[in-house]
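Work through the exercises below with the sequence and the model at hand. Each task is followed by a solution in steps.

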Amino acid sequence: MLTTLLRDSRALGVLAVPLILTQLAQVALTTTDTVMMGFLGTTELAAGGLAIVIFNQLRTMGVGLVTSVGNQIAAAAARAERAAEDGNDGPGGETAGEEVRGIVRASLAVATLAGIAGALLMILIGQALTWLGQDADVVELTQTMLLALAPGLLPCLWFQAIRQFTVGMRRPQALLQITIASVAVNAGLNWVLIHGTFGLPRLGLTGVGVATSSVYLLSFLALYFSAKKDKELAPLLTLDITKADAATVKRLVGLGVPIAATYGSEAGFFSVTALMAGSFGPDALAAHTAVNQLVYIVFQVAVGLSHAASINVSRELALGNHDDARRLKNTALACAAAVMAVVGLLYLTIPKLVLAPFLDSGSDQAVTIATHLLIVTAFLQFFDCAQNIGVGLLRGLDDTTSGFRITLIGYWAVGLPASWLLAYALDLDTLGIWLGLLTGLATTAALLLRRYSQSLTRHEKAHSAAIVA
């Protein structure tokens, strides 16, 4: 049993580790922007922060639209391998290769449509900020930065589409190097464009937006040319979206919309709890923000494991290996539990050291509240990781609607009422909010993992019946 777990963990880690490190590098990218904006002043930080919130909300939902592409590619590639082994493919693998190429073209078409629509919506939201009671100076700066960020959404989503292609083909290694390089390039461009060095105009806050859009374009080009140098990926990668098959585009949109809605729902859930924390004063909000950032950083481990497990489930099902798909759930959860246990131990033993980067200059009250929240977080992150893995496992079954429905129940029907009851009715304040979060995430994780087991059993029965027939 232990030998099997170790073997499965290594197989999962080959895909998960580059993805986890890539996710952490992306966190560093956004952190760099925030730090640079902070150097410009309070108004610029407020305006830039507001612009990035709007951009990230639309970017996240756009990414959701193409997230299922990796699963579709993995399944198609597995079918291609099986066809080649059985000698059923066309000369030179043209039949199987065309299926993958068709998915790539359709994914880039979806990314293009989402990028254009999102950019226009971003600008319209910026124009509407004046009617939402925001400070006039902040609104003016925000609108200008949104104009600089909007063009970057298109290459950002193109990058994500090709990223899903490389991950689905289980060749994601270039992602990490490109993302790390983008952090350095972003920092350099930020500095040059903000201050107008090397003879360039001094753009101030707008320079951050221009730098971000430029980095997304450069990252897309770097990933594209990297894939084109790969002998296995190059023949399958095409940018000709005019030949995208309408049925494939429709299928990807059908799978992607629930994922985008799930991402949007989760972001909204945590935004509401932040507003609730703010009702208890600045110390409570500062503590909530610090601990939430820690959770967000550690959550990237869950994202990498979830995506790797999802891709492998798609592959194993395409090969008819239901037992391997069932074991993947346990392997991913075991790997997540090991990491979360180590992190939780740090939260419980050295909380002040963990919080120092965020609350070193904060009040004693904020540190005290955050320390209490870390105790809850030490357990909460197990369920947070498990529910994200559950969503990924279901995505491996091409089931994205169940994940969306279950997260609505867990977040909004259980988690939010529990947070309100514990925080306000039982007077537990911010601690109550986080106990409610724990309750909602635990409910979501349990429902998602149960759904996966049930769906996998039904899939196996259907597969067996098809073979018999």
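**Exercise 1.** Which residues does T248 touch, not counting residues up to four places away in sequence?

Solution. The model is predicted: local features need pLDDT of at least 70, side-chain atom pairs count only at pLDDT 80 or more, and totals for chains, interfaces and linings use all residues. Residues are numbered from 1 along each chain as its sequence is written, and side-chain values use heavy atoms, with hydrogens and water left out.

Step 1. Locate T248: this residue lies in helix α9, residues 246-278. Helices are DSSP runs of H or I with at least four residues, strands are runs of E with at least two, and both are numbered from the N terminus.
Step 2. Apply the contact criterion, heavy atoms within 4.5 Å. With the sequence neighbours up to four places away left out, T248 touches G102, I103 and A106.
Step 3. Classify the burial of T248. Its relative accessible area is 11%, so T248 is buried (under 20% is buried, over 50% exposed, in between partly exposed; 1.4 Å probe, protein chains only).

**Exercise 2.** Describe the surroundings of L448.

Solution. 
Step 1. L448 belongs to helix α15, residues 429-468.
Step 2. Its relative accessibility is 0%, and L448 therefore counts as buried.
Step 3. Beyond four places in sequence, the residues touched by L448 are Q387, G390, V391, L394, G403 and I406.
Step 4. F404 is 44 residues from L448 along the chain, with 9.8 Å between the two C-alpha atoms.

**Exercise 3.** How do the axes of α12 and α13 cross?

Solution. 
Step 1. The axes of α12 (residues 351-359) and α13 (residues 364-396) come within 10 Å and cross at roughly 125°. That makes α12 oblique to α13 (under 35 degrees is roughly parallel, over 145 roughly antiparallel, 65 to 115 roughly perpendicular, the rest oblique).
Step 2. List the contact: α12 contributes P351, K352, L355 and L359, and α13 contributes A366, V367, A370, T371 and L374.

**Exercise 4.** What is the overall make-up of the protein?

Solution. 
Step 1. The protein has 15 helices and 0 strands.
Step 2. Along the principal axes, the C-alpha trace spans about 70 × 55 × 40 Å.
Step 3. Of the 469 residues, 51% are buried.
Step 4. Among contacts with a separation of 6 or more, 83% join residues 24 or more positions apart.

Notes. Axes fitted to C-alpha atoms, helices over the stretch in contact; angles between N-to-C directions.
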